[in-house]
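Open the structure in your viewer and keep the selection tool at hand. We will go stop by stop.

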Amino acid sequence: AGDDVLKHISRIIEYNVRITDLVARFGGEEFVVILSDANLDEALKVAERIRGAVDSCDVELSNNSFVHNTISIGVATMAYSSGQTESLKDFLDRADKCLYGAKEGGRNMVCS
């Protein structure tokens with residue numbers, strides 16, 4: 001059943017991003033979406049659209065039963081200062097902290 005849910009969520013994510021964006025499974029049940037040329041407001045809109053789509057659509061499992069899912073999303077933008085960009089690791093760490101903020105805040109939410 002877990003594989004069915006992951007496939008379903010990955011399809012929702014891919015449907016809600018542009019072809020120029022990067023979607024990757026980041027281990028276990030976590031995904032990373034890197035939006036090219038998007039500011040924080042745009043990224044939050046995409047994240048909320050994905051969250052709402054997951055929440056509104058039950059997953060049909062291979063045994064023909066259905067399961068309801070929610071998703072917690074952490075959103076971060078790359079930090080720039082004096083022409084320097086933070087490392088990818090630091091960027092992903094900040095997004096991960098936002099994800100855990102969404103989980104601790106009650107789940108099924110977007111946190112930045």
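What follows is a short tour of selections, each with a note on what is there. Bear in mind that this is a predicted model.

**Stop 1: two helices**

Select residues 2-15, which form helix α1, and residues 40-56, which form helix α2. Two packed helices are described by the angle between their axes and the distance between the axes. Here the angle is about 140°, and the axes are 9 Å apart. Angles over 145 degrees would count as roughly antiparallel, and 65 to 115 as roughly perpendicular. The pair α1 and α2 is therefore oblique. The crossing of α1 past α2 is right-handed.

Which residues meet where α1 packs on α2? Show side chains for Ile-9, Ile-12 and Ile-13 on the α1 side.

**Stop 2: Ile-12**

Stay in helix α1 and pick Ile-12. Is Ile-12 buried or exposed? Its relative accessible area is 11%, so Ile-12 is buried. Leaving out residues up to four places away in sequence, Ile-12 touches Ile-50, Ala-53 and Val-54. Ile-12 and Phe-66 are 54 residues apart in sequence. Draw a line from C-alpha to C-alpha, and the distance is 16 Å.

**Stop 3: Asn-69**

Move to the loop between β4 (66-67) and β5 (73-74), and select Asn-69. Its relative accessibility is 15%, so Asn-69 counts as buried. Follow the side chain of Asn-69: it reaches the backbone oxygen of Val-67 at 3.5 Å. What else does Asn-69 contact, leaving aside neighbours within four places in sequence? Show Val-5, Val-54, Asp-55 and Val-59.

**Stop 4: Ser-72**

Stay in the loop between β4 and β5 and click Ser-72. With a relative accessible area of 16%, Ser-72 is buried. A polar atom of the Ser-72 side chain lies 3.3 Å from the backbone nitrogen of Asn-108. Not counting residues up to four places away in sequence, Ser-72 also touches others, among them Leu-99, Ala-102 and Lys-103. Arg-107 and Met-109 are on that contact list too.

**Stop 5: Glu-104**

Next, select residues 88-104, helix α3, and highlight Glu-104 within that helix. At 70% relative accessibility, Glu-104 counts as exposed. How far is Glu-104 from Ser-72, C-alpha to C-alpha? The distance is 9.7 Å, although 32 residues separate Glu-104 and Ser-72 in sequence.

**Stop 6**

Last, turn to the backbone. Most residues other than glycine have a negative phi. Two selections depart from that pattern.

Pick Asp-37, in the loop between β2 (31-34) and α2. Phi of Asp-37 is near 50°, a positive value in a residue that is not glycine. With a relative accessibility of 76%, Asp-37 counts as exposed.

Then pick Asn-64, in the loop between β3 (59-60) and β4. Asn-64 is not a glycine either, and its phi is positive, about 70°. Its relative accessibility of 58% means that Asn-64 counts as exposed.

Conventions
Residues are numbered from 1 along each chain as its sequence is written. This is a predicted model: local features need pLDDT of at least 70, side-chain atom pairs count only at pLDDT 80 or more; totals for chains, interfaces and linings use all residues. Side-chain values use heavy atoms; hydrogens and water are left out. Axes are lines fitted to C-alpha atoms, for helices over the stretch in contact, and angles run from 0 to 180 degrees between N-to-C directions. Helices (H or I, at least four residues) and strands (E, at least two) are DSSP runs, numbered from the N terminus. Angles under 35 degrees count as roughly parallel, over 145 as roughly antiparallel, 65 to 115 as roughly perpendicular and the rest as oblique. A crossing is left-handed if the near helix is turned anticlockwise from the far one by less than a right angle, and right-handed if clockwise. Contact means heavy atoms within 4.5 Å. Buried means under 20% relative accessible area, exposed over 50%, partly exposed in between (1.4 Å probe, protein chains only). A polar contact is a pair of N or O atoms within 3.5 Å; within protein, one must be able to donate a hydrogen and the other to accept it, and residues adjacent in sequence count only if both atoms are side-chain atoms.
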